Structure formats: C-alpha cells, structure tokens
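Student: I would like to go through this model with you, one feature at a time. Could we begin with the structure itself?

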Amino acid sequence: MVSPNPASAQTAAHGRAETPIAFIQAIAAAYAQRGLRVDAALAKAQIEPKLLKKNNARVTAMQMELMSGIAMQELDDEGLGWFSRRLPWGSYGMLVRASLTSPTLGLALERWGRHHGLLTDDIRVHVSEHNGVATLQLDEARDLGVVREFCVVSVLRNALGVACWLTDSRIPLLVTHLRFAPPTHADSYRVLFDGPTTFNAATNCLQFDAGYLALPVRRDEAALQQMLQRALLLTVRPYRRDRLLVEKVRQTLAQHPEHSRNADDLAAWLNMSPRTLHRQLQEEGASLQQLKDSVREQRARVLLLRTRKPLKQIATEVGFSNEKSFIRAFKTWTGQAPDTFRQSA
C-alpha cells in the first residue's frame, strides 16, 4: 500500500461519524506498546486526543482510513499490533497479488487465507461451502487480548473487501458471527457488516451466497497498482455493485439457450419475475440485451475460429433467425464481417 492522500486530511472529519473510537484506541495502544506518541498521527487524521477517553465516541470513515494508513507506515506494521510479529508495509498488498491470477473467487480466497498463514500463525483464515452457503472463517490460534475485536473485524472486512474488489461485485452478507461478547458500541455493527450480526458465537465468520465463489476474478496487475493507491478503502467502505445476477444470466444464456428466447422465459428459469430481472440487472449496471449480445458474440467467435461450419448454421446456433441478421450484428460487435474475421484469424 502507499501513503494516504494528504489532501484528504483536510476534510477527514466531515461526514457521518459511525466508526467506534475503540478502533482508534487500539491503534493508540499499538503506539504505546512501541514507546511512541500517537498525538501527531491523531492530528493528521483530525481526531482530537480527548476523544480517546470517550468510549462512546465515533469517527468518520475517512478519519479511520487516514489514521490506519499513517499508523501502518509509522509502526511499519499493517497488523497494527495484532500479531506476535509485525506485518511489514505491503504485506496485505502481497496477499492480493498472490490471489490475482486465480480463475474464480473461491480459489482466490483459498490462496489469500493460505498466504495469510505464512505472515502470521496467530490466526487462520479459510473459506468453505455447504448447502449453497459460503463461509469465510477466522480462527484464533492464541489469545489476542485487548486488540481482539479490532483484529477480527479488520481482517474479516479486509478479506471481504478484497473479494468484492477481485470480482468487481458487492457481496451482501447473510449473517456475521463473532466469538466475542457484544461491545458497548454493538449498534455500529449494522454499518460494519450488512445483515444480522450475532455475538458470543462458536466461530468468527462471514456467510454469503456460495454463488459468489464461482465469480471470475476480473482484475489484473494494472488494476492492482491503481487500487493500492488507496487500498484501505476496501476495509473501511462498502462495495456498491453486485454482479452475481449478471453472471447467473450470462451462464444461463450460454448453457441453456432454450430459456433465453425472451425475458419471461429467462426470468421463470431464474425463479423471478421479468420486472425484477430487469430491475436487478439495471442495479448491477447491465441489461439483458447487452448480456445476450455478449454471449452471442463470444459463441460466434468460437464457432468461426474453431469450426468450418457455414455462416447460416452458425447464425442459427448463436440464436439468429437468418444469416443476414447475424452478419449485421457481428459487424456491429467487431467491426468486421464474419467471413473476414475468420480469414484474418
């Protein structure tokens, strides 16, 4: 990760203050453990020192982002005192890079958890699936002491943020389970994690629809470099766009073309109304026609490049009523006629 944007500090205190001061107190404790003063870092994040003594105080997401970034650099510890050994600056970025080449989110999270175990053995993070529910679980291998809540919440939110970023999708939670007792600021958990949160649970975990584990990883090295400019956003801010329905529709169009003749057939196959289908796709930044065109284009390219089938047959297999309509559509997609595309390839 890189330094926080200094310009951001000018407006850090503006906005809704919903992050518990307990997390800032934990960062201050990490400074004290090193024999360092925290005052300068608090000033840069526009947090008044007297707030540390008010257990019911809150700070803004920007203040939390700035304070965390400053502390991680000054302490050279992205774990902020959570673990038996420091996690040097760039550790969590390395975890993302190790997951970047995974074909699906499920494998990416497996790699993320496995590599996290190489950084510290104080906790273990792993993902599992059962009856259509994915569980991202954090096991504590030792007593984390006073930083327990801050550590567990931060690591789970970071892993979820990475998962959302890798798939470019919001991943809504079904439930959050936490092993510790409800803190005095338990009401803040409605902001920290969507969906219900249960305390005094048997495990620390996030649960969500297992369909997200099959989503493809959409990011590359260039996107990673840009994300690392403000990587802490993955932890402190929720991801907005959801792509699960987009992928379900794309897969249905490709694997079950008999259900894609019109929106009514497709919606019935997906167990929803046509109106809901269109609305949710719009919320995910897509449309049924766009997805149809994308799947048809991909299928047409494969048939043109890997077979010697005539255009009339390809047009039928792709879903067009006649060859002329297919040729016209293919030119719109690629800028080339199908025959020209096949010959040039």
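This is a predicted model: local features need pLDDT of at least 70, side-chain atom pairs count only at pLDDT 80 or more; totals for chains, interfaces and linings use all residues.

Student: What percentage of the residues in the protein chain is buried?
Tutor: Buried means under 20% relative accessible area, exposed over 50%, and partly exposed in between, with a 1.4 Å probe and protein chains only. The C-alpha atoms fill a box of roughly 75 × 40 × 40 Å along the principal axes. Of the 345 residues in the chain, the buried share is 48%.

Student: Which share of the contacts with a separation of 6 or more comes from residues 24 or more positions apart?
Tutor: Contact means heavy atoms within 4.5 Å. Among contacts in the protein chain with a separation of 6 or more, residues 24 or more positions apart account for 66%.

Student: At what angle do H4 and H5 pack?
Tutor: Two packed helices are described by the angle between their axes and the distance between the axes. Axes are lines fitted to C-alpha atoms, for helices over the stretch in contact, and angles run from 0 to 180 degrees between N-to-C directions. H4 covers residues 91-99 and H5 residues 105-119; their axes are 8 Å apart, and the angle is about 145°.

Student: Which residues of H5 make the contact with H4?
Tutor: H4 contributes Ser91, Tyr92, Met94, Leu95, Val96, Ala98 and Ser99. From H5 come Ala108, Arg111, Trp112, His115, His116 and Leu119.

Student: Where does threonine 104 lie, and which residues does it touch?
Tutor: Threonine 104 is in the loop between H4 and H5. At 26% relative accessibility, it counts as partly exposed. Leucine 192 is 88 residues away from threonine 104 in sequence and 26 Å away in space, C-alpha to C-alpha. Not counting residues up to four places away in sequence, threonine 104 touches Leu213, Ala214, Leu215, Pro216 and Val217.

Student: How many of the residues of H6 are buried?
Tutor: H6 spans residues 148-167. Its first and last C-alpha atoms are 29 Å apart, close to the 28 Å expected at 1.5 Å a residue; the expected span is 1.5 Å times one less than the number of residues. The helix is mostly covered, and its buried residues number 19 of 20.

Student: Is aspartate 168 buried or exposed?
Tutor: Aspartate 168 follows H6 and sits in the loop between H6 and S5. Its phi is near 50°, a positive value in a residue other than glycine. With a relative accessible area of 18%, aspartate 168 is buried.

Student: Is asparagine 131 buried or exposed?
Tutor: Asparagine 131 lies in the loop between S3 (123-130) and S4 (133-140). It is not a glycine, yet its phi is positive, about 50°. Its relative accessibility is 68%, so it counts as exposed.

Student: Which residues does histidine 185 touch?
Tutor: Histidine 185 lies in the loop between S5 (175-177) and H7 (189-192). It is buried, with a relative accessible area of 4%. Leaving out residues up to four places away in sequence, histidine 185 touches Pro20, Ala22, Arg58 and Glu149.

Student: Against which helices do the buried residues of H13 pack?
Tutor: H13 runs over residues 288-306. Its buried residues include Leu288, Leu291 and Val295. They pack against H10, H11, H12, H14, H15 and H16.

Student: With which residues is leucine 304 in contact?
Tutor: Leucine 304 lies in H13 and is buried at 2% relative accessible area. Valine 153 is 51 Å from leucine 304, C-alpha to C-alpha. Setting aside neighbours within four places in sequence, leucine 304 is in contact with Leu311, Ile314, Phe330, Pro338, Phe341 and Arg342.

Note on methods: Residues are numbered from 1 along each chain as its sequence is written. Side-chain values use heavy atoms; hydrogens and water are left out. Helices (H or I, at least four residues) and strands (E, at least two) are DSSP runs, numbered from the N terminus.
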